[in-house]
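Student: I have a structure here that I have never looked at before. Can we go through it together?

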Amino acid sequence: MADGPPAGDDDFDAWNPTHVYSRYTQGVSTRAERVLSKITDGYAITYASGLTASYAALVYFQPKRVAITDGYHGFHETLEVYKRTRGSDLTLIGLDDEFQPGDLCWLETPLNPSGEARDIKYYADKAHAAGGSFIVDSTFAPPPLQFPFKWGADMIMHSGTKYFGGHSDLLCGVLVAPTLEKWKELWHLRTFTGNMMGSLESWLLLRTLHLRVPRQSESATELVQWLAKGAGGKAADGIPAGMIDKVWHSSLQGVDARGFDPKTQHEGGWNATFLISLTNEKNAALLPHSLQYFVPATSLGGVESLIELRIQSDAKADPRLIRISVGVEDVEDLKEDLRQAFKKIAAN
């Protein structure tokens with residue numbers, strides 16, 4: 001077993017490595033990181049999972065406080081684990097509270113599970129004005145949909161398990177740093193916490209990304225607009241009355257009171273994951289198992305369309321909530337599948 005990079009950390013060029021030990025670098029993951037770096041406009045480093053990447057970001061920033069509101073429930077548990085390493089409690093505040101020097105603003109956009117967009121530039125400016133740092137979890141909007149460095153992010157995080165994987169067969173996390181110097185610091189931390197991704201997962205990463213994401217985005221947007229016609233319990237285009245309560249998605253937001261237009265931030269298209277609320281719990285429980293093309297599963301981002309009763313993965317969720325991740329199937333087939341399911345449920 002190797003003790004450390006040859007000639008020590010300072011002399012080992014991890015960006016252009018001579019591969020000597022897989023915990024430092026290996027050929028397949030280095031190649032994957034180079035491709036990720038190019039498409040994210042930064043310096044990307046891979047991890048064993050999205051939560052591992054999130055934890056690595058906390059270790060990197062060592063925040064005095066973390067500003068966060070809602071978002072992926074798994075990361076909130078990671079924050080609890082991180083607190084145990086500090087010897088003292090880590091204060092959590094909301095995104096709209098006042099920031100202080102040393103704070104880390106953690107912005108997830110689009111938001112899990114609703115798929116709604118948040119204003120990256122607004123929170124970047126707010127964090128930096130207070131002397132804090134700012135990271136964007138852009139899992140729901142991989143390239144080419146959104147580029148957080150354009151709007152002031154200090155670092156970008158992706159659960160690569162989702163869209164960078166895209167075939168529901170790997171775990172991956174990604175951090176993207178704006179400079180090579182910061183990437184090398186992340187690499188050092190990864191090397192000596194042992195959180196690297198395996199070579200097989202690295203090889204599987206990024207297949208068909210350029211084909212999948214634009215199609216998923218386009219289909220999801222069309223599906224959202226169609227479902228929204230039935231919101232409020234209305235009957236619309238084969239959707240029975242009394243079925244859909246509300247639909248959430250970035251494309252439905254419009255311009256907010258501060259003038260934020262999600263369309264500007266989503267330059268490459270809208271996210272392919274969104275949320276609907278049915279009018280009652282019983283219908284919500286039946287829907288995922290009344291479909292032919294949607295797979296009942298808790299992940300997202302794959303080539304297959306997935307549907308999830310949200311309370312099954314998040315015990316605090318409203319039992320009427322359904323999260324949908326749109327795959328690459330024909331959008332008219334997906335509409336027809338939902339139509340027949342809604343009608344079957346309404347008839348019973």
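Tutor: One term to begin with: two strands pair if DSSP finds at least two bridges between them. Helices (H or I, at least four residues) and strands (E, at least two) are DSSP runs, numbered from the N terminus. This is a predicted model, in which local features need pLDDT of at least 70, side-chain atom pairs count only at pLDDT 80 or more, and totals for chains, interfaces and linings use all residues. Residues are numbered from 1 along each chain as its sequence is written, and side-chain values use heavy atoms, with hydrogens and water left out.

Student: OK. How many bridges join strand 11 to strand 12?

Tutor: Four, between residues 306-309 and residues 321-325, and the two strands run antiparallel. Glu 308 has Arg 323 of strand 12 as its bridge partner.

Student: What order do the strands have in that open sheet?

Tutor: The order is 8-9-12-11-10, five strands with mixed pairing. Strand 8 (244-248) and strand 10 (295-296) are at the edges with a single partner strand each, so one side of each has no neighbour in the sheet.

Student: Now strand 4. Which strand pairs with it over five bridges?

Tutor: Strand 5 (residues 133-137), in the parallel sense. Trp 106 stands opposite Ile 135 there. Between strand 4 and strand 5 the chain passes through helix 4 (residues 120-129), and this β-α-β crossover is right-handed; that is, with the strands pointing away from the viewer, the path from the first strand over the helix to the second runs clockwise.

Student: And how does strand 2 pair with strand 4?

Tutor: Strand 2 (residues 65-67) pairs with strand 4 in the parallel sense over three bridges. The partner of Arg 65 is Asp 103.

Student: Is strand 4 mostly covered or exposed?

Tutor: Mostly covered: six of its six residues, 103-108, are buried. Buried means under 20% relative accessible area, exposed over 50%, partly exposed in between (1.4 Å probe, protein chains only). Asp 103, Cys 105 and Leu 107 point one way, and Leu 104, Trp 106 and Glu 108 the other way.

Student: Switching to helix 5. Which residues are buried there?

Tutor: Trp 183, Leu 186, Trp 187, Arg 190 and Thr 191.

Student: Last one: where is Gln 26?

Tutor: Gln 26 sits in the segment before helix 1, and this residue is buried, with a relative accessible area of 10%.
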